[in-house]
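Q: I would like to learn how to read a protein model feature by feature. Could you take me through one slowly, with the general idea before each case?

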Amino acid sequence: MQIETITTTAYNDQNPGTSGLRKKVKVFQQPGYLENFVQSIFDSLEDYTDKTLVLGGDGRYFNRVAIQIIIKIAAANGFGELIIGQGGLLSTPAASHIIRKYQAFGGLILSASHNPGGPDEDFGIKYNVSNGGPAPEKYTAAFYQRSLAIDTYEYAHIADVDLDSIGTQQIDNLKITIIDPVSDYAELMQSIFDFKLLKQSISSGYITLLFDAMSAITGPYAKRILVDMLGASPESLINAEPLEDFGGHHPDPNLAHAHELAERMFSPDAPTFGAASDGDGDRNMITGSQIFVTPSDSLAIMAANAHLIPAYAQGLSGVARSMPTSQAVDRVAASYNIPCYETPTGWKFFGNLLDAGKITLCGEESFGTGSNHVREKDGLWAVLFWLNLVAVKRQSVADIVHEHWQKFGRDIYCRHDYEAVETPIANAIVTHLRDLLPTLPCQVFGEYIVKYADEFSYEDSVDGSISSQQGIRIGFENGSRIVFRLSGTGTVGATLRIYIERFESDAARHQQDAQVALAELIDLAEQFCEVKKRTGRTEPDVMT
Ligand code: VG1
Ligand code: CO
């Protein structure tokens, strides 16, 4: 294998965000851009010679090109084996599982998740460590530091690898194994859920199903698991062919972007169960006939019913949620007397808690839920979890949700996103909010009295690391909250996210529309952050 040390010029914008480095494809196509970042990752890691690296992505535009480049850099840097999903495909949770199952040193996942794909859209790359989870902040900070100084990368002159044929090939000291991207993951799902019961419920017609793969990675996974293994009809899958540009859509599972699914679930002859997943397969949206389950409620309901699922029959050791996620799961944890942890946004903060056995289940308001079975959030796993619940409880999705609210109360919740705000304006909003914080406690706004106003800082209870400036929180005496933070996954300008919640214990008032029930808090949020005033916008780009 001929290895060349190639001279390169450092870029100054390779700082990973909430979930890896995400940029426009055109940025990644600049000379040496991808090469620099991959070499910066390898330069920051130790003792990987002869070890295994897992490689795969969500199939978006540039995926195959990037994989061929990464193979050559990994070969030149001395990895012993590369395990690659056929066609360069691996969903994020499947990649996490494969790293763990084959005891790999780590993995590179190529994805920009729910961001659109195509030559003018987004691409991304993320490094996962040996527990299968996203690299913690001390790693990503090191990658960035290295990328600022890098002046050479290593490159092996080998032929492009045939990514489409399953099997093993040897190139000098490097073994390259192309695997079926679905089988290991499908086997894992079978070990967690009651597939026999699911098959009965689906084939008998008790559960009718609609799954929207959003022209992204979960198509092949859903086909194998839902159709081939569980007997759902092929028509129960829509947008099941992965496309490089996701059919020109945002592969983001919410009511706005999964509109075909939403329409059918709210039509008179809706199926009993509907779900969608995102570009890289780690998010989930759960719906039933005439109902949409908010992700924060979904997490709480899963925690409350986990003992009904074979893998969690012994109960949960604890749960965790990201800070902006509603406090619904906290109520379940309190009632079951198990710990509940509050972490910053992003899956990398759950890894230590899962590894230490402190939690079994965790989730985020952004359509992400997961458990200790992998170290990523997992879209299809959440879908199977809910299907298993419906099958065991023999209740509709709506009944399960309403019964949960009756028992625990409802945390009415919404999130408003203002996308592509000019960065200086977004930064000014944050500065303004920071200045406001000390003046707020004890102030009265109608029925809302400010109890605390601060900026969230997290101390990891396992390794003691501290992550500060993780979102601005304003909490009220009645338990309501408004949270502001800037997105760390966007690629254009800045995205301001506003998270709003209010607890409602009165069952007679549980059926309200969230936007209506939260109207006063929504107005207060504007009063505090002035996003409309400062941007001239009249409404958010996305409301979930
Ligand atoms: C968003 C979500 C966050 C999630 C992250 C990655 O981050 O809010 O909860 O973990 O995306 O999900 P941000 O910084 O834009 O708010 V995915 O499915 O993009 O890997
Ligand atoms: Co995702």
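The dialogue below goes through domains, aromatic rings, a helix and backbone angles in this predicted model.

Q: Into which domains is the protein divided?

A: The protein is divided into domain 1, covering 2-180, domain 2, covering 185-394, and domain 3, covering 410-543. Taken over C-alpha atoms, the centres of domain 1 and domain 3 are separated by 35 Å, and the contact takes 10 residues from domain 1 and eight residues from domain 3.

Q: How many aromatic pairs does the structure hold, and how is a pair read?

A: A pair of aromatic rings is described by the distance of the centres and the angle of the planes. The structure holds 21 aromatic pairs. In one of them, the ring centres of Phe62 and Phe123 are 5.1 Å apart and the planes stand at 85°, so this pair is edge-to-face. Because Phe62 lies in the loop between strand E3 (52-57) and helix H3 (63-76), while Phe123 lies in strand E6 (residues 122-128), the pair ties together parts that are 61 residues apart in sequence. Phe62 counts as buried at 8% relative accessibility, and Phe123 counts as buried at 0%. Phe62 and Phe123 also belong to one aromatic cluster with Tyr11, Phe28 and Tyr33.

Q: Where do Tyr312 and Trp381 lie, and are they buried or exposed?

A: Tyr312 lies in the loop between helix H10 (295-305) and strand E15 (319-322), and Trp381 lies in helix H13 (residues 379-393), so that the pair links distant parts of the chain, 69 residues apart. The two rings form an edge-to-face pair, at 6.4 Å centre to centre and with 90° between the planes. Tyr312 is buried, with a relative accessible area of 3%, and Trp381 counts as buried at 0%.

Q: Which residues of helix H8 are buried?

A: An α-helix has 3.6 residues a turn, so residues three or four places apart point the same way. In helix H8 (residues 218-229), the buried residues are Thr218, Gly219, Tyr221, Ala222, Ile225, Leu226 and Val227. H8 is followed by Gly231, whose phi is positive, near 80°.

Q: What is phi of Arg394, and over which ring does Arg394 lie?

A: Most residues other than glycine have a negative phi, and most peptide bonds are trans. Arg394, a residue other than glycine, has a positive phi near 50°. Arg394 is found in the loop between H13 and helix H14 (397-408) and is exposed, with a relative accessible area of 53%. Arg394 also lies over the face of Tyr206, at 3.9 Å from the ring centre. Asp47, which is not a glycine either, has a positive phi of about 55°. Asp47 has its place in the loop between helix H2 (33-44) and E3, and counts as exposed at 61% relative accessibility.

Conventions. Residues numbered from 1 in each chain as written. Chains lettered and ligands numbered in written order. Predicted model: local features only at pLDDT ≥ 70, side-chain atom pairs only at ≥ 80, totals over all residues. Heavy atoms only, no water. Phe/Tyr/Trp six-rings, centres within 6.5 Å; stacked < 30°, edge-to-face > 60°. Helix = DSSP H or I, 4+ residues; strand = E, 2+ residues; numbered from the N terminus. Buried < 20%, exposed > 50% of the residue type's maximum accessible area, 1.4 Å probe, protein only. Lys NZ or Arg CZ within 6 Å of the ring centre and 35° of its normal. Domains from an automatic or database assignment. Contact = heavy atoms within 4.5 Å.
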